[in-house]
Amino acid sequence: MTQYLAELYSPKPAWIALDPADKQQFFEAIGAGMAALSELGIEALAFGETDATKLHPASQSFFAIWRLADEAALDALLDGIAASGWHDYFDTINAAGSATDLVRHMGRLAAATA
């Protein structure tokens with residue numbers, strides 16, 4: 001079943017303290033790992049900065065949206081992100097799960113108890 005991941009993240013002081021060469025080296029390592037993702041059924045849909053001027057803005061500065069072939073691909077992406085050292089440099093919130101249609105979603109909201 002198709003899975004989705006929405007990441008929200010902001011730089012930690014450790015990232016801000018890195019010099020430009022170390023940041024570039026980190027980005028190169030991330031880029032090298034991206035090539036294998038499509039083979040696992042992982043698709044990056046969008047990356048960007050969050051807009052703090054919108055109603056109920058996120059406190060995080062950046063976002064990434066992913067579509068994944070299945071839960072195994074989702075777990076592989078989350079494991080890969082962690083292994084890259086990402087969380088050493090960025091405070092991250094993950095929202096992950098399978099999608100549904102609006103009617104089923106509203107039904108789940110109606111049944112929610114927490």
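I count a polar contact as a pair of N or O atoms within 3.5 Å; within protein, one must be able to donate a hydrogen and the other to accept it, and residues adjacent in sequence count only if both atoms are side-chain atoms. The model is predicted, so I keep local features at pLDDT of at least 70 and side-chain atom pairs at pLDDT 80 or more, while totals for chains, interfaces and linings use all residues. Residues are numbered from 1 along each chain as its sequence is written, and side-chain values use heavy atoms, without hydrogens and water.

**Entry 1: Q60.** I found Q60 in the loop between β2 and β3 (strands are DSSP E runs of at least two residues, helices H or I runs of at least four, numbered from the N terminus). Is Q60 buried or exposed? Q60 is buried, at 16% relative accessible area (buried is under 20%, exposed over 50%, partly exposed in between; 1.4 Å probe, protein chains only). Its side chain makes a polar contact with the side chain of S59, at 3.5 Å. Leaving out residues up to four places away in sequence, Q60 touches L8, Y9, S10, T50 and I93 (contact is heavy atoms within 4.5 Å).

**Entry 2: α3.** I then turned to α3, residues 71–83. Which residues of α3 are buried? They are A73, L74, L77 and I81. These cover an arc of only 105° around the axis, so they lie on the same side of α3 (the arc is that of the directions from the helix axis to the C-beta atoms). The face turned away carries exposed E71, A72, D79 and A83. Among the elements covering the buried residues are β1, β3 and β4. Just after α3, G85 has a positive phi of about 90°.

Technical notes
The expected span of a helix is 1.5 Å times one less than its number of residues.
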